[in-house]
Amino acid sequence: MAPIAITPEASPEREIYVKKSVQVRSHSSSFSSIKLNDGNVIPQVALGVYKAPNGQETEDAVTAALDAGYRHIDSAARYANEEACGRAIRRWLERTGTPRDEVFICSKLWDADHGFEATFNALCESLDKFGLDYLDLYLIHSPAEDEEKRLESWRALETAQRLGKVKSIGVSNFGASHIESLLENARVVPAVNQVEVHPFCQRQALVDLCNENGIRIEAYSPLARGNKLQDPTICAIAEKYGKTSAQVLLNWSASRGNVVLPKSLTAHRIQSNLESFDFKLSPEDVAAIDNLEENYVTGSMHKSHD
Ligand SMILES: NC(=O)c1ccc[n+]([C@@H]2O[C@H](COP(=O)([O-])OP(=O)(O)OC[C@H]3O[C@@H](n4cnc5c(N)ncnc54)[C@H](OP(=O)(O)O)[C@@H]3O)[C@@H](O)[C@H]2O)c1
């Protein structure tokens, strides 16, 4: 797809969506979908594909996920596997006769592509790699340090949304100051902020700020990259419900209203992660998990200290 020269509207009216998001039950799967602040609906669980190769292993994982009932794939230009994801999604849609609009596909603008035109071109390149006409969600992967550049990238996302190249737009790794700056300057409030969130890294102040402004939290590394599956509190709670530690972590996060993005390339884990939402943690167990906060951050992408 050739890059398109495009400029932002000259006198934009602010289109701030801060409607309360609501939970709606998905028809095709056992987990909920959530209505975003722009009216679009997002499946609450996604297959994450960070560190998944651009080849058969990822195609198999995406296919296994769609067969299992996932309807949401979280990729990024930086993961360099949009082609493999796109191939698997397009083949699965064709094989099953499922309409495109029943699968929710997210990608992200990499840091090197900030700025109005560069952002627009990067989005077109991602669409090309996926082999798709539009994405369901496009995120700024992490905030540019320079505020003006950050806002230019956001204006490109707003323009792409108006042109139908992407249905919803959002951000990732934005701290409170980045969110506040966007709220002051943007026409469209981000639909989501994708940040590392799990019991050991809860980011409560940032989560509260996003919730107050109708910005849905997408919890990345919801399994703390597998590093906390032996935690004694999590293990004891898992045993009590006859669930795995991973299922308890995903259930805790989803019960807070977060979108959760567990990554796995292993078919049985892809399946079992989807079976995390058919039980309800008691208030005592939720409180015990809430107490595990220790600011344990597995990644290096978050660009502020909140
Ligand atoms: N926006 C950002 O900057 C950002 C940053 C990080 C992540 N993300 C997104 O969030 C997704 C998830 O985060 P993540 O990949 O960092 O970590 P994660 O989902 O917390 O953990 C993934 C690790 O846990 C293992 N695992 C998965 N299910 C398991 C289970 N049921 N039991 C035991 N181990 C299990 C996986 O191994 P196997 O694959 O071998 O099963 C993998 O090693 C990413 O793929 C990406 O889509 C976004």
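How many nonpolar, polar and charged residues make up the shell around the ligand? In this predicted model, the shell comprises twelve nonpolar, 13 polar and four charged residues. The ligand is surrounded by 29 residues, of which Gly-48, Tyr-50, Tyr-220, Leu-223 and Lys-263 are the closest. Among the elements of the chain, helix H9, formed by residues 267-274, makes the greatest contribution to this shell, supplying three residues.

The chain as a whole contains ten helices and eleven strands. It consists of 306 residues, and 47% of them count as buried. Of the contacts in the chain with a separation of 6 or more, 73% are accounted for by residues 24 or more positions apart.

The buried residues of H4 are Arg-150, Ser-153, Trp-154, Arg-155, Ala-156, Leu-157, Thr-159, Ala-160 and Gln-161. These buried residues pack against both helices and strands: the helical partners are H3 (116-130) and H5 (176-185), while the strand partners are S6 (104-109), S7 (135-140) and S8 (166-172). Gly-164, which follows H4, has a positive phi, near 80 degrees.

A helix pair is formed by H7 (residues 232-241) and H8 (residues 245-255), whose axes come within 8 Å and cross at roughly 95 degrees. Because crossing angles of 65 to 115 degrees count as roughly perpendicular, H7 is assigned as roughly perpendicular to H8. On the H7 side, the contact involves Ile-234, Cys-235, Ile-237 and Ala-238, which meet Ser-245, Gln-247, Val-248 and Leu-249 of H8. By class, this contact of H7 with H8 has six nonpolar and two polar residues, and no charged residues.

Cys-201 lies in the loop between strand S9 (192-196) and helix H6 (204-212). Cys-201 is classified as buried because 21 other C-beta atoms lie within 10 Å, the criterion being 20 or more. When residues up to four places away in sequence are not counted, Cys-201 touches Glu-196, Asn-295, Tyr-296 and Val-297. The C-alpha atom of Cys-201 is separated by 9.1 Å from that of Thr-298, a residue 97 positions apart from Cys-201 along the chain.

Notes: Residues are numbered from 1 along each chain as its sequence is written. This is a predicted model: local features need pLDDT of at least 70, side-chain atom pairs count only at pLDDT 80 or more; totals for chains, interfaces and linings use all residues. A residue is near a molecule or strand if its C-beta atom, placed from the backbone, lies within 6 Å of it. Helices (H or I, at least four residues) and strands (E, at least two) are DSSP runs, numbered from the N terminus. Ala, Val, Leu, Ile, Met, Phe, Trp, Tyr, Cys and Pro count as nonpolar, Asp, Glu, Lys and Arg as charged, and the others, Gly among them, as polar. Axes are lines fitted to C-alpha atoms, for helices over the stretch in contact, and angles run from 0 to 180 degrees between N-to-C directions. Angles under 35 degrees count as roughly parallel, over 145 as roughly antiparallel, 65 to 115 as roughly perpendicular and the rest as oblique. Two residues are in contact if their C-beta atoms, placed from the backbone, lie within 7 Å. A residue is buried if 20 or more other C-beta atoms lie within 10 Å of its own, exposed if 12 or fewer, and partly exposed in between; C-beta atoms are placed from the backbone.
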